[in-house]
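Visitor: Please take one part of this model and look at it closely. Then set it beside a few other places in the chain.

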Amino acid sequence: MHPRRWHILMALSVALCTVNIGTLALNIGLPSIGVAMRATTSQLQWITETYVLALAALMITMGSLADRFGRRRLLVAGLLLYGVASAGGALCHAPWQLIAVRAVLGAAGAMIMPATLSIVRSVFPPEEMVKAMAVWTGVVSAGVMLGPIAGGVLVEAWGWPALFWMNVPLVAGSLLAVALVVPESRAAGRRPLDPVGMVLGAASTTALVYAVIQAPHAGWLSARTLGTLAGGAAGFVLFLWWERRTAYPMLDLTLFHNPRFWAASMAVTIAYFALMGTAFLLTLYMQTVQGHSPVGSALRLTPMAVAAGLSAAAAEPLVHRFGTRDVVAGGLAVTTLGMLVFSTVGWRNNEPLVLTGLGVLTLGLVAAGIAASESIMSSVSEDQAGSAAAVDETSIELGGTLGVAIMGSVYAAGFAAGLTTAARSLPAELRKVATESISGAIEAADRVGGPLGADFAATARASFLDGTQTAAWIGAGVAFAGALLTVRFLPGRESAR
């Protein structure tokens, strides 16, 4: 127990907020980037997903390095890399350049995220972990709110490059906070590196996540998708074999013998499946379908931030009273309800009802996430904190990737199907761009103009809502299945403190 642990927690939260603000601000700016760079839906997804791909591929490696060489040291290096890459992102002129910068930002995020959470585990005793995670989530939720608002203001005032320039002073402030209060920590002893495990883990994770990201475009049953999935699965099996065999594994697989660890990791994956899949569609809905400005879109997310704060405040007493399992399962059940309310967008385009659903969804997700993350971090020793934090963060990124890929592909299929007939009335040179994305469809409608353009825009918006409704049903089903699996596998009252 560190005497300045609450100051340390706030400094670490500021560092993580820097990453969250930058990431979420960019999400608000995606439509503007799409117009400025004439990016397709696929390219916009890659701008989002390349970051996630790098995070997922490197997270466990970076968690292991943090345990071995120092968590504070890795955190500082990650912040520096994040700042430099952000400056480079502001200077991009083409989608492929921005995709490359986002990969570097993902690598930096993989250094920052497990380092921050593992330091929290090293300075807090197990009995205070729920409170620490609740405070952590509350501060991060503030970043979740500030990111879209800051992004909207910056895009409207100075254009999308300001989204990247913003990160530079944020990184400077984070580095100062870390330098002032955060102590160094690492696992006891000097364990050798596991380069074979690092390569196998990164390669197999990259292949699996890449296959999921590309599946909506290449086809889920295409030879390319199935081949990449098979290669990734084979590499992952080889990784597990090596980690069991080597004397100094990168990831201690005995962690997964504890259901408090692996079942909670599963719950985190499912929670972020629903969250990120919905967030991807929400940005398009607010700006393209509803016609709100970036700032207007961000301000309409205020109820979600309020819901996150309320849920974070309630998480600790709920876990103490009911236990981790009931809070996680209950949170996922509430998430299911929120997704079902959100799905009504397909029947009635009622924005207040949609936002209500998002608020309910947030209440459930935050409570479930806090309880599940506490279960993960409290079930390991301090020496394993980096690896455990990396698994927690990898679960978040994997769930988010699956959510965007699966819910995004379901939406895209419904959207394209609804426009197949209407697109035939457009000039040949506009048909392709009109069916690739909702922003492309609205742009094509504006170029055509007149009654034909107005009719096509209305059809495009209706098709978007239909596709989004189906995607929300998928999210609700996954969240409900997660609630049932949590009840079955995650330990119950024994987790309460």
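Guide: Helices here are DSSP runs of H or I with at least four residues, strands are E runs of at least two, and both are numbered from the N terminus. The model is predicted, so local features need pLDDT of at least 70 and side-chain atom pairs count only at pLDDT 80 or more, while totals for chains, interfaces and linings use all residues. Residues are numbered from 1 along each chain as its sequence is written, and side-chain values use heavy atoms, with hydrogens and water left out.

Start with Ser122. Ser122 sits in helix H4, residues 95-123. Its relative accessible area is 13%, so Ser122 is buried (buried is under 20%, exposed over 50%, partly exposed in between, with a 1.4 Å probe and protein chains only). Leaving out residues up to four places away in sequence, Ser122 touches Arg71, Ser185 and Glu382 (contact means heavy atoms within 4.5 Å).

Now the helix pair. H1 (residues 5-37) packs on H7 (residues 167-181) at about 165°, with the axes 9 Å apart (axes are lines fitted to C-alpha atoms, for helices over the stretch in contact; angles run from 0 to 180 degrees between N-to-C directions). H1 and H7 are therefore roughly antiparallel (over 145 degrees; under 35 is roughly parallel, 65 to 115 roughly perpendicular, the rest oblique). On the H1 side, the contact residues include His7, Ile8, Val14 and Ile21. On the H7 side, Leu170, Val171 and Val178 are among them. The contact residues divide into ten nonpolar, five polar and no charged (Ala, Val, Leu, Ile, Met, Phe, Trp, Tyr, Cys and Pro are nonpolar; Asp, Glu, Lys and Arg are charged; the others, Gly among them, are polar).

The largest nonpolar core has 144 residues (a set of buried Ala, Val, Leu, Ile, Met, Phe, Trp, Tyr and Cys residues joined through side-chain atoms within 4.5 Å). Leu75, Tyr285, Ile438 and Phe464 have the most contacts inside it. Helix H10, residues 259-289, gives the most to this core: 17 residues. Beyond four places in sequence, Tyr285 touches residues including Val345, Val354, Phe464 and Leu465. Another core lies apart, with five residues, among them Leu53, Ala56, Val209 and Ile213.

Leu238 belongs to helix H9, residues 223-245, and has 41% relative accessibility. The C-alpha atoms of Leu238 and Val196 are 10 Å apart, across 42 residues of chain. Glu436 is in helix H16, residues 428-436, with a relative accessible area of 27%.
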